[in-house]
Amino acid sequence: MSSGGAIMSHGGRCGREQAMMAHTERIQFANAEDKQEFSKYPTKAGRRSLSRSVSQSSTDSYSSAASYTDSSDDETSPRDKAQVNTQGSSDFCVKNIKQAEFGRREIEIAEQDMSALISLRKRAQGEKPLAGAKVVGCTHITAQTAVLIETLVALGAQCRWTACNIYSTQNEVAAALAETGVPVFAWKGESEDDFWWCIDRCVNTEGWQANMILDDGGDLTHWVYKKYPSVFKKVRGIVEESVTGVHRLYQLSKAGKLCVPAMNVNDSVTKQKFDNLYCCRESILDGLKRTTDIMFGGKQVVVCGYGEVGKGCCTALKALGAIVCITEIDPICALQACMDGFRVVKLSEVIRQMDVVITCTGNKNVVTREQLDRMKNGCVVCNMGHSNTEIDVASLRSQELTWERVRSQVDHIIWPDGKRVVLLAEGRLLNLSCSTVPTFVLSITATTQALALIELFNAPEGRYKQDVYLLPKKMDEYVASLHLPNFDAHLTELSDEQAKYMGLNKNGPFKPNYYRY
């Protein structure tokens with residue numbers, strides 16, 4: 001095993017021999033099943049691109065995204081299947097509707113650790129605050145997201161849903177949602193063409209027009225804005241939860257093209273501190289361990305970006321004995337990294353020594369081809385940001401380089417001199433593509449999203465203009481308070497005298513909007 005934690009294939013010695021026999025081919029395979037799977041699909045000119053073909057094998061293995069689905073039916077694209085749920089509806093497209101029962105058990109397990117969202121559901125379902133809302137959603141489709149979707153339905157909303165990531169869908173959960181009557185268009189291992197087709201099927205349907213958008217990454221918003229401008233103008237509100245999507249919304253607003261109010265959930269305190277920081281602190285290790293079996297003690301790791309995601313990743317890696325350094329463009333974040341005991345460097349200065357490279361900036365071309373060329377043998381490269389633009393993966397699909405699939409979501413990129421770089425999830429979001437994230441943290445984010453939808457949908461005319469807004473502080477505090485009973489936490493209450501002295505309402509909000517937590 002190389003110093004970067006490069007792994008051997010499941011096929012052991014047999015897999016190595018087969019790989020050597022296939023050396024003359026441009027694409028190598030760790031075992032015969034991978035090669036057979038690859039041969040079923042055309043190359044980039046066909047419906048499935050090369051990038052999807054080399055990623056198709058074992059997309060539902062135990063090591064990826066907690067989707068324990070049998071992959072025996074992977075030969076046929078869901079788009080080519082005629083499926084009907086028990087209600088007689090065919091308004092969905094999932095891997096296999098027969099997996100619904102197993103998906104339902106996954107959802108029930110998730111509900112046990114999402115008590116705050118369930119509590120919100122019980123408190124508000126009598127009032128039906130989302131009655132009349134037609135929500136089109138584009139998020140990761142996992143058991144936790146399913147709890148959110150079913151909460152929205154219980155509160156009166158009609159929902160149509162698709163996936164924001166081609167690798168993160170739990171097929172059995174998508175089937176369970178489709179079985180209950182929620183139109184879902186998503187499956188694990190979509191091609192790029194499938195991805196946009198699924199979004200279009202959610203938006204473009206006869207007799208139904210969305211009036212609310214819940215997005216993660218901005219792809220759905222972008223599609224509706226570009227392809228269906230008349231629908232976009234009639235939307236009452238957009239809720240966006242990612243750095244990438246929020247950035248795109250602010251760009252639209254600055255250009256004067258955002259004609260609906262939008263809620264920036266990503267920069268709410270409950271999202272930033274809990275989903276971005278605490279979630280990534282745990283899930284970065286989970287994703288790397290499942291895919292590479294790497295030993296972190298003594299490894300040289302560079303984390304690109306020291307925002308909340310970067311802070312979470314660095315804390316976890318440092319605790320396991322990794323030697324961590326940081327790249328940053330922001331002097332404030334850089335100074336924070338220095339005070340936390342991390343070296344701040346330029347990537348080009350240290351790239352030759354690194355065992356692991358992790359991106360989490362939300363930017364593009366953070367790791368370039370020139371830097372990939374300079375990496376040591378066995379270096380592990382992965383992304384913890386939402387978008388797959390941070391690592392220049394496209395430049396690796398060239399004639400002189402060979403791709404070898406060794407595990408689900410794990411590719412060895414082989415240079416002519418024999419050097420191997422271990423690329424995870426083809427540069428897409430590591431934790432949701434290759435592992436899982438803590439249910440409790442997702443409960444916090446999902447509750448925030450639900451409240452943001454309720455706020456925008458029910459807001460009186462004129463409260464929100466055609467701009468991007470932060471979640472009201474009072475709502476942030478309410479989300480946190482709903483989760484405190486999980487820890488048997490008891491808040492101290494201000495006396496009247498104390499509240500008057502501080503100039504606060506006894507029931508909050510307790511901090512001004514400019515306060516930095």
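I take helices (H or I, at least four residues) and strands (E, at least two) as DSSP runs, numbered from the N terminus. The model is predicted, so I keep local features only at pLDDT of at least 70 and side-chain atom pairs only at pLDDT 80 or more, while totals for chains, interfaces and linings use all residues. Residues are numbered from 1 along each chain as its sequence is written, and side-chain values use heavy atoms, with hydrogens and water left out.

**Entry: Asn 383**

I looked up Asn 383 and found it in strand β12, residues 380–383. Buried or exposed? I call a residue buried under 20% relative accessible area, exposed over 50%, and partly exposed in between (1.4 Å probe, protein chains only). Asn 383 has a relative accessible area of 0%, so I log it as buried. Its side chain reaches the backbone oxygen of Gly 427 at 3.1 Å. For polar contacts I take a pair of N or O atoms within 3.5 Å; within protein, one must be able to donate a hydrogen and the other to accept it, and residues adjacent in sequence count only if both atoms are side-chain atoms.

**Entry: Arg 407**

Next I went to strand β13 (residues 402–407), where Arg 407 lies. Arg 407 has 14% relative accessibility and therefore counts as buried. What does its side chain contact? I find a polar contact with the side chain of Asp 293, at 2.6 Å. A polar atom of the Arg 407 side chain also lies 3.0 Å from the backbone oxygen of Arg 290.

**Entry: aromatic rings**

I pair rings of Phe, Tyr and Trp (its six-membered ring) if their centres lie within 6.5 Å; planes under 30 degrees apart are stacked, over 60 edge-to-face, and the rest tilted. How many aromatic pairs does the structure hold? I get 10. I checked Phe 274 and Tyr 278: the ring centres are 5.5 Å apart and the planes stand at 45°, so this pair is tilted. Both residues lie in helix α12 (residues 269–292), 4 residues apart, which is about one turn of the helix. Phe 274 is partly exposed at 30% relative accessibility. Tyr 278 is partly exposed too, at 32%. I also noted one aromatic cluster formed by Phe 185, Trp 187 and Trp 197.

**Entry: charges over rings**

My test here needs NZ of Lys or CZ of Arg within 6 Å of the ring centre and within 35 degrees of the ring normal. Lys 318 passes: its charged end sits over the ring of Phe 342, 5.0 Å from the centre. Lys 419 lies over the face of Trp 415, with 4.1 Å to the ring centre.

**Entry: second largest pocket**

Rolling a probe the size of a water molecule over the atoms shows where empty space is left. I define a pocket on a 1 Å grid over the protein atoms alone, as an open set of points where a 1.4 Å probe fits, with protein on both sides within 12 Å along at least five of seven lines; lining residues have an atom within 4 Å of a point. Grid points are joined across faces, edges and corners, and the volume is the space filled by probe spheres set on the points.

The second largest pocket comes to about 910 Å³. I list 28 lining residues, with Glu 477, Ser 481, Leu 484, Leu 491 and Phe 510 nearest the centre. Two or more lining residues come from each of α12, α18 (439–458) and α19 (473–483). Which element gives the largest share of the lining? That is α19, with 9 residues. By class I record 15 nonpolar, 5 polar and 8 charged residues in this lining. Ala, Val, Leu, Ile, Met, Phe, Trp, Tyr, Cys and Pro count as nonpolar, Asp, Glu, Lys and Arg as charged, and the others, Gly among them, as polar.

I found a cis peptide bond from Gly 508 to Pro 509, with omega near 0°. Pro 509 lies in the segment after α20 (496–502). Pro 509 and Lys 473 are 36 residues apart in sequence, yet 6.3 Å apart in space, C-alpha to C-alpha.

Asp 488 is not a glycine, but its phi is positive, about 50°. I place Asp 488 in the loop between α19 and α20. Asp 488 counts as exposed, at 56% relative accessibility. Lys 128 also has a positive phi, near 50°. Lys 128 sits in the loop between α5 (115–124) and β2 (134–139). I log Lys 128 as partly exposed, at 39% relative accessibility.
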